Amino acid sequence: MANDSNRFQAIISHCKEYGFIFPSSEIYDGLQAVYDYGQWGSELKRNIRDYWWNSMTRMHENIVGIDAAIFMHPTIWKASGHVDNFNDPMIDNKDSKKRYRVDHLIEGYAEELVSGGRDSEAAALVKSMETLLASDDFGGLKKLIEDHKIKCPISGTSNWTDIRQFNLMFSTEFGSTVSTEDEDNKVYLRPETAQGIFVNFLNVQKTGRMKIPFGIAQVGKAFRNEIVARQFIFRMREFEQMEMQFFIRPGTQQEWYAYWKNERLQWHKSLGIPAEKFRFHDHVKLAHYADAACDIEFEFPIGFKELEGIHSRTDFDLRQHQEFSKKKMQYFDNDTDPSTGKPYGNYIPYVIETSIGLDRMFLAVMSYAYTEEDLSTPEKKDDRVVLKFPARLAPVKLAILPLTKKDGLPEIARGILEDCRSSFYCFYEEKDTIGKRYRRMDALGTPFCVTVDHQTREDNTVTIRHRDSMEQERVSIDQLKAIVTKAII
RNA sequence: GCGGAAGUAGCUCAUCUGGUAGAGCGACAGCUUCCCAAGCUGUAGGUAGCGGGUUCGAGUCCCGUCUUCCGCUCCA
């Protein structure tokens, strides 16, 4: 590979070529920033999802999972802040072709005023901006920019386009009759799965008799409009999140935040991906709901990028829902507070969130696994593409290959298939030379290939070939299931 | 959204200054007692992204449009 960009392109091609990921609606020229998972991609994605789900729920007694609906009451998005906080008005400078968030542009100018000693003028400007933003008065905002002769830092001109709204959330109509005038029918496609957990906090806590600290996990689709949606499945309009909200006693958020930072990094490393592929990035500028936040970044071929977020969300969300729904979102803590000798009593729990993009995790695993190897010898040029997936994530675990399709070999191979297929994903193939079949399995990331040969008929042994080393060993057929099972658990 | 480049069989590409589309690999069927791709035979895939124009005739020239890639921009 000449460079990382080429490597990224090669991975995208490989994903399409071998049935992992296809562009959505491809025969109709595609749909921007939407992708479909193919026969092997959906297996890999499912394996990642299962591994995450099991590590959260099965492996933690105090974490349970839910599956909330994508449609939710519109007020939820008022309460969460998504309706008001994430509809950023944008403006473009016609000369420099640069695009700015209106609030950033005006705030930047206000800072200039402050550094010029014109504090009161700056304060007045920000105040009128906030008033206009609150009322979605785009004409007024543009007039404000023009009146203050705010210039583009690049072009130095005030040649601005009209202000346009950027909508984060997709919306659709509820109800069987079309009534575009009726705002009451408007529902959003959720931009994050977290709110489905918050609004079910009491349901789960009560019915599951959950005691703080406890967590609720969820995997599901979320939808966001993106200004520029590119970079393959890294940034998609429809994507899948794996989130866990951990409810804790107020005042303990620092220790739990640290706990989950470490826990999540360990999870990534448990897949055998080297530690140097990951790094933490602590947020300096925090979102409106957080008192601490960081990302786990992964070194994709396009550089270190956010893979997972860990946020200390305080009691912001539950408190907002309490206010908007008029339902108490509190928990009665019967544990004894050592400082008072009495129970902690009622409080709104604090929350630590871990949120990982399933599609980004897929891309991380694929980026890590994709390997081009030069196998040339002095006599012959040779190379292969191999996906070195962690065995537990590989779409196909075992390929079963009769050396030839004669002499009863396929029958023996089919017997192995019948024996193993209910335990893990097997793939049977008798076409082409054995070498070709091995290479095809390498390209899918299949960790094990067994080959039934003539010796099998005599002593019931087969060769098992290891994907990464390409080495083979001869084992008894009745050992096979145990060997593979051990590697994939 | 802006600038640049590109769009010919599943993939990689050819078709020289316009004259009715080809190769390699792959796929499929069969042969070959072959444990690491490129042994043999045969078969199936393209109205050259799409639309329009110029021309006797366009993949090849012109215009539009869509998509993709690169850079910029944006990113809770």
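Which domains does the domain assignment give for chain A? In this predicted model, the assignment divides chain A into domain 1 (5-86 + 185-366), domain 2 (89-167) and domain 3 (396-488). Between the centres of domain 1 and domain 2, taken over C-alpha atoms, the separation is 34 Å.

Two packed helices are described by the angle between their axes and the distance between the axes. For helix H5 (residues 102-115) and helix H7 (residues 138-147), the axes lie 11 Å apart and the packing angle is about 30°. Because angles under 35 degrees count as roughly parallel, H5 is classed as roughly parallel to H7. The crossing of H5 past H7 is left-handed. On the H5 side, the contact involves Val102, Leu105 and Ile106, which meet Leu141, Leu144 and Ile145 of H7. The residues of this contact comprise 6 nonpolar ones, with no polar and no charged residues.

Electrostatic pairing was examined next. Side chains of opposite charge can pair when their charged atoms come close. Across the whole structure, the search finds 29 salt bridges. One salt bridge joins Arg49 to Glu240, with the closest N and O atoms 3.2 Å apart. Arg49 belongs to helix H2 (residues 39-56), whereas Glu240 belongs to strand S10 (residues 238-248).

Methods: Residues are numbered from 1 along each chain as its sequence is written. Chains are lettered from A and ligands numbered from 1 in the order in which they are written. This is a predicted model: local features need pLDDT of at least 70, side-chain atom pairs count only at pLDDT 80 or more; totals for chains, interfaces and linings use all residues. Side-chain values use heavy atoms; hydrogens and water are left out. Domain bounds come from an automatic or database domain assignment. Axes are lines fitted to C-alpha atoms, for helices over the stretch in contact, and angles run from 0 to 180 degrees between N-to-C directions. Helices (H or I, at least four residues) and strands (E, at least two) are DSSP runs, numbered from the N terminus. Angles under 35 degrees count as roughly parallel, over 145 as roughly antiparallel, 65 to 115 as roughly perpendicular and the rest as oblique. A crossing is left-handed if the near helix is turned anticlockwise from the far one by less than a right angle, and right-handed if clockwise. Contact means heavy atoms within 4.5 Å. Ala, Val, Leu, Ile, Met, Phe, Trp, Tyr, Cys and Pro count as nonpolar, Asp, Glu, Lys and Arg as charged, and the others, Gly among them, as polar. A salt bridge is a side-chain nitrogen of Lys or Arg within 4 Å of a carboxyl oxygen of Asp or Glu.
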